[in-house]
Amino acid sequence: MTALEIDNLDFDFLNPDDYDELKVALRETYSEDLNPWWEEEKIKKLSEIFQEGQVAIKVNGEVVACALSIIVDYDKFSDNHNLKKITKNYSFDTHTDEGDVLYGIDIFVVPEYRGLRLGRRLYDYRKELCEKYNLRGIVVGGRISEYKKHHDELTPKQYIEQVKRKEIDDEILNFHTANDFYPSRILKSYMEGSDSKNEFSVLLKWDNIYFEKETDQVETKKTVIRLGLIQWQMRPYKDLDELMQQAEYFVDAVSDYRSDFALFPELFNAPLMAQYNNLSEHEAIRQLADYTEEITDRFSELAIAYNINIITGSMPELRDNALYNVGYLCRRDGTRERYEKIHVTPDEARVWGLQGGNQLKTFDTDCGKIGILICYDSEFPELSRLLADEGMDILFVPFLTDTQNGFSRVRHCAQARAIENECYVAIAGSVGNLPNVHNMNIQYAQSMVFTPCDFAFPSNGIKAETTPNTEMILIVDAEIDALRELHEFGSVRNLKDRRKDIFQLKKLVRNVVPPENN
């Protein structure tokens, strides 16, 4: 475009007193006769019933762009409608403050001023209106402007697909897709005109990801979730009471920071095996399993007392004489649910006789859906992808690694899970030495919280991290709204862009919990 002299640019509500000026801009934009909704009395009525929906941009005091819109109860109309019907013969009597969709009547930018992103400013404003009034989204109808050149060889659907692939240039479609709209339906005779019966339009929609459906139930929906990670020091404990005293100390500490979750590491209670050193390793860990039920009961009490959801890391558990590595989500409302380690390492199977579980599921909490994978399970991307498909926002990974290379496997795989599943991933491990417990001599850990890598998150994908091999806690805020924006508007969209037409992922077994021992 040629250089324009712009001394000032004003964005404001459309003033009916500027109608003559508006009419000049319309004549510069539209070659055909003005549509009925641009008549002066219609503009005045729109400004009276919904002033915020009628906005204009002035450059050097002249109107160069404008948008008209109303709020409608969209459930009263089907997607197969026309503009005359949804505006009730352009009377706009369908506008209602109790509606749930912002309906775009028209939008224009004078040709001379295109390229200044004025249309984007108008749509950004419309999106802000949706968020302000908690509307489901924006719906507009747009002519497929270039389709008349291709209607002999292409169906409307084929035309739209070629526009998407940039094989055909359609100004209206390109503008709306650039502003995050998607085609919803092909419409015939959407707008009045002499050739309307032979013209097609497309219904375009934008979804407000912040929309909250009204409900009679009293509920609180947190958008910032505070995580408390415990980097646990392995040390000798004389009995269960002393171990749980230390556990309560950490629950108290992260609760003081108003954390929503406390995450303990895998097999954090291993020091209690010291008294069974006279037994073989697989016999000693079976003795350790005797503590699991009481530890879980105590954690459940702490969750209620300290108003925090506790993820108990993991502990050995006997069911039907088989040994599993399991943990419990102890919610602050007193409920609890079990999770299992699905993949056991060769050493865990050989030395301890652990078996892999088959329970994989997300968990509903007062902070949204979460997933929990124990250590080695984080190295299998299929598991976290299945959880992401169920709506997981945060993945918790309690782990136990003895060497730095073992830790690196967990750490790098966990970070990959955050990127590919567009979620937060929190990992917590144990540090220190246990020379008096067989097969548990040394530990290496650095607890961390990973994020996706996009503009709303740290560029390196690390929200926060502890000092390696030091007993401490880590307090981190996870912003769920940032995930919602990433899902819809991210630089890349790993979940949405999967080629499900060439591959699929599904569970092959049910979430069957082995029976408890009698």
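Trainee: Which residue is the bridge partner of Gly 371 in strand 16?

Mentor: The bridge partner of Gly 371 in strand 16 is Leu 395. Please keep in mind that this is a predicted model, in which local features need pLDDT of at least 70 and side-chain atom pairs count only at pLDDT 80 or more, while totals for chains, interfaces and linings use all residues. Residues are numbered from 1 along each chain as its sequence is written, and side-chain values use heavy atoms, with hydrogens and water left out.

Trainee: What makes strand 15 and strand 16 a pair?

Mentor: Strands (E, at least two residues) and helices (H or I, at least four) are DSSP runs, numbered from the N terminus, and two strands pair if DSSP finds at least two bridges between them. Strand 15 (residues 368-372) and strand 16 (residues 394-398) are joined by three bridges and run parallel, so they meet that condition.

Trainee: Why are strand 14 and strand 21 said to stand at the edges?

Mentor: They belong to an open sheet of six strands with mixed pairing, whose order is 14-15-16-17-20-21. Strand 14 (363-365) and strand 21 (462-465) have a single partner strand each, so one side of each has no neighbour in the sheet. In this sheet, neighbouring strands are turned by 20° against each other on average, direction ignored.

Trainee: Which strands are the edge strands of the sheet of seven?

Mentor: That open sheet has the order 1-2-3-4-5-7-6, again with mixed pairing. Strand 1 and strand 2 (residues 55-59) run antiparallel and are joined by five bridges, with Phe 11 standing opposite Ile 57 of strand 2.

Trainee: Why are helix 7 and helix 9 called roughly parallel?

Mentor: Axes are lines fitted to C-alpha atoms, for helices over the stretch in contact, and angles run from 0 to 180 degrees between N-to-C directions. Helix 7 (residues 240-256) and helix 9 (residues 292-305) pack at about 30°, with axes 11 Å apart. Angles under 35 degrees count as roughly parallel, over 145 as roughly antiparallel, 65 to 115 as roughly perpendicular and the rest as oblique, and therefore helix 7 and helix 9 are roughly parallel to each other.

Trainee: Which residues of helix 7 and helix 9 make the contact?

Mentor: Contact means heavy atoms within 4.5 Å. Helix 7 contributes Leu 240, Asp 241, Met 244, Ala 247, Glu 248 and Val 251, and helix 9 contributes Glu 294, Ile 295, Arg 298, Phe 299 and Leu 302. Ala, Val, Leu, Ile, Met, Phe, Trp, Tyr, Cys and Pro count as nonpolar, Asp, Glu, Lys and Arg as charged, and the others, Gly among them, as polar, and the residues of this contact divide into seven nonpolar, no polar and four charged.

Trainee: Is Asp 260 buried or exposed, and how do you know?

Mentor: Buried means under 20% relative accessible area, exposed over 50%, and partly exposed in between (1.4 Å probe, protein chains only). Asp 260 has 2%, so it is buried, and its place is in the loop between helix 7 and strand 9 (261-263). Apart from neighbours within four places in sequence, its contacts include Lys 222, Arg 226 and Arg 332.

Trainee: Where is Ser 300 found, and what does it touch?

Mentor: Ser 300 is found in helix 9 and is buried, with a relative accessible area of 5%. Not counting residues up to four places away in sequence, Ser 300 touches Cys 330, Gly 334 and Arg 336. Ser 300 and Gly 334 are 34 residues apart in sequence, yet their C-alpha atoms are 6.2 Å apart in space.

Trainee: What is the phi of Arg 117?

Mentor: Most residues other than glycine have a negative phi. Phi of Arg 117 is near 60°, a positive value in a residue that is not glycine. Arg 117 lies in the loop between strand 4 (101-109) and helix 4 (118-132), and its relative accessible area of 57% makes it exposed. Asn 469, also not a glycine, has a positive phi of about 55° and is partly exposed, at 37%.
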